[in-house]
Amino acid sequence: MYFNLKVVALAATLLGYTSAQSAPATNPNAPTNDNDAPADIGEEPPTVEPVPFNGDSEHLPTHPDFFPTPETPGTGAWAEATGKARDLVYSLSVEERVNITTGVGWGNGPCVGNIAPIRDVFPGLCLQDGPLGVRQVEQASAFPAGINVAASFDKDLAYQRGLAMGTEFKEKGAHVALSPSIDFGRNPTGGRNWEGFGADPYLQGELGSSTIYGLQDAGVQATAKHYFVNNQEHYRYTSSSNVDDRAIREIYLHPYVKAVQANVASVMCSYNKILQSWACENSYLLNGVLKHELAFQGYVQSDWQAQYSGTPSALAGLDMSMPGDSTFYSGWSYFGANLTEAVANGTVPEERVNDMATRIVAAWYLLGQDEENYPEVNFNFFDENDPTRGPVRDVKHDHASLIKELGSASTVLLKNDNNALPLDGSNLSAGIAVVGSDAGPASKGPNGCADRACVDGTVAVGWGSGANEFPYLVDPLSALEERGALDGFSVDNWLNNWDINNDGFNSVVQGKEAAIVFVNSDSGEQYLTVQGNEGDRNNLTAWNNGDEVVKATAAHNENTIVVIHAPGQLDVEEWVEHPNVTAILWAGFPGQESGNAITDVLFGYYNPSAKLPFTIAKQREDYGTEVVYHDSSDVPQLNYTESIFVDYRHFQQDNIEPRYPFGFGLSYTTFDLDNLQIEEVGETEHEEYDPDMFGASVQESLHKPAYKVSIDVTNTGEIYGAEVVQLYLQFPRHSGEPPLVLRDFAKVPLAPGETKTAEFELSIYDLSIWDTEKRQWVKPDHGLISVVFGTSSEDERIVQSL
């Protein structure tokens, strides 16, 4: 997605939009490339030398073509909706069918994307950002980021968040939520990692599909994005992501498999090229993989201005052009009249346009949006003062309680020496110190910068089209002060990160029962630059002198607790082993209830149960993947030479010791795993199949249960808590798989002394690897596959072969 038009529309109209790198100059609060950020924040990112893809720099890799686009079969859950859609579409003229596929143009409707009504038979569609809630509207909630959902490892909370967001989208009158983002967290500095669900395909798949179920159960169309391998912001409009077929299937496609199985209404194609072909006209990925191999029955929409052709994109599988005009305010579309003409002259078959429109209308029927009382759009993304929008509708309901719960449930306890946490409010006679600019409120208010593109006070969301307006933002200092007033302890504070070498600072932090330091880092979308960071982070260190603040505090307080607000990994090496740093918590981007959520964890009102959805390394070079920051070529080649060995798979494959492994997180109680049971419940072998069959990768025989696996979980401590049980598989080494791969997980809440049994199912698909020569899923032909249970990717606690 793209710009915040409340700021940009006027600038583009009056001044002419000239750069996608700087915030709109008309907003006095907008960050610019010439801001006063300290130099260490925007340090020069590393230069990454181009690496030949599969060793051949002379011949650029490409995908084979796949034509024609498969027509939607209209089966299963889609049968009735597709039947109704065909009846409606066939009653329309060619021009009207084309209009269903073409947005009305940027700024020509109340939503970020709009499909016009067709007579009195189809009311049109409102498409609206974003992955954290309804973007840029009043009286809607600001939910925790996707990366926080990932850290919760909680499928039910993911569903509840999706349901709550869907309710708000519907009540605002939107038909299509541009959510969820299921982009894989390949690079730790990737700008939009926080919108998605981490660095494992199964974690992405389970929590992405749970979100889709929630959104669509609320009656709103979900959009899985950004298809495909869109993993960095630098050069996102020009680069080619070059990925081998095995990595495509085993890493990057799996979340879309789960999305399709959840009957997602729409898939959004991305800006970048994949193997030299634009994502929105890549016939192999759209026609061949998504619509044929995965039997996707919804529609493919372009990201905003990600369509680069008319006839080629239509034939390659693109169904909807967004926002409709090829460039903002141009009034010219690759579809629209040009698509109508292409049908007339025979370059695009009429059957193709019929299928495009049918897929779009079928999704409308699938979600029951043809009901008479579906809410009218009651906002204007481009003009909040639009008198025709009607009264502002408050859609927040009681979602604040869910937001706070998820904020707490996604806070990862990384270190807790000598049981420094939880704090006891009745035993803090010397009070506490709250330190760091990230603890306090923003000087400009929580919405003071365009699309949240600044670091001003506490950070609770990243920047870009994935951000939304805060109805309010509870900063940590305010919440801790409220806790102090209730429990009777004093709260002192120091919020200036750049004035810490003085007696005033020392007097605030020393002598206190605890000093809680809040540090942050930020990232976002490429069209806005914050403190020298063009979407992707330049570095993995704490921003705004954060490392020095931690060290200065620890030098004067023996119980220094560090809270991290960040879009992903943070380099903690400068202070992680400091003896006075007794506890560390990663809190991500927790949304509007940020301060309340972290306070509940710090004081034990919520026992932390979250796990890292990525690996934290001891040094940046250990990650094995890097954003390409500097490339002067017309088409930068982003070569995924690591293949399937990314994040913890890479660390284990290369025997690199992380600082904190994927899946790691502490609790205030302790747990035991025992009594692993494995039972065959179906066919455990799978015959070779025709790889060209329709729906090959989603065929029932691949996905029905083959084994039932269970394990007992016991709370061996003294307080209530929840453990995330993680099921990994260990394939035979000859298979070429990493040492361990996650296949499922479950969060198990337990009272002290209580035991529950966690149950899982494994299918042939789960037990298979992608065979590039046979072009199908196969189980390794010899050797044992083992089930490994633990509480992180480094915790191989219980192992048993199938």
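Which backbone oxygen does the side chain of S333 reach at 2.6 Å? The S333 close-up, View 1, has the answer: the oxygen of G324. A quick note before the views: this is a predicted model, where local features need pLDDT of at least 70, side-chain atom pairs count only at pLDDT 80 or more, and totals for chains, interfaces and linings use all residues. Residues are numbered from 1 along each chain as its sequence is written, and side-chain values use heavy atoms, with hydrogens and water left out.

**View 1. S333 sits in the loop between helix 10 and helix 11.** Helices here are DSSP runs of H or I with at least four residues, strands are runs of E with at least two, and both are numbered from the N terminus. With a relative accessible area of 12%, S333 is buried (buried means under 20%, exposed over 50%, partly exposed in between, using a 1.4 Å probe and protein chains only). Besides reaching G324, the S333 side chain has a polar atom 3.0 Å from the backbone nitrogen of F335. Skip residues up to four places away in sequence, and S333 touches T102, S321, G324, D325, S326 and N338 (contact means heavy atoms within 4.5 Å).

**View 2. Helix 11 spans residues 337–344 and has four buried names to look for: L339, T340, A342 and V343.** These residues cover an arc of only 160° around the axis, so they end up on the same side of helix 11 (the arc is taken from the directions from the helix axis to the C-beta atoms). Turn to the other side and you find A337 and A344, both exposed. The buried residues pack against helix 3 (94–101), helix 10 (311–316) and helix 12 (350–366). Just after helix 11, look for G346, which takes a positive phi of about 90°.

**View 3. G103 lies in the loop between helix 3 and strand 1 (113–115).** G103 counts as buried because its relative accessibility is 9%. Leaving aside neighbours within four places in sequence, its contacts are N114, I115, S321, M322, P323 and G324.

**View 4. S266 belongs to strand 6 (residues 266–269).** At 0% relative accessibility, S266 is buried. Its side chain makes a polar contact with the side chain of Q301 at 3.0 Å. A polar contact is a pair of N or O atoms within 3.5 Å; within protein, one must be able to donate a hydrogen and the other to accept it, and residues adjacent in sequence count only if both atoms are side-chain atoms. Not counting residues up to four places away, S266 touches A222, T223, A224, F296, Y299 and Q301.

View 5. F153, Y202 and R246 supply 32% of the area that domain 1 buries against domain 3, more than any other three residues.

**View 6. K155 forms a salt bridge with D744, with the closest N and O atoms 2.7 Å apart.** The rule finds two salt bridges across the interface of domain 1 and domain 3 (a side-chain nitrogen of Lys or Arg within 4 Å of a carboxyl oxygen of Asp or Glu).

Note on methods:
Buried area is the accessible area (1.4 Å probe) that two parts lose on being put together, summed over both.
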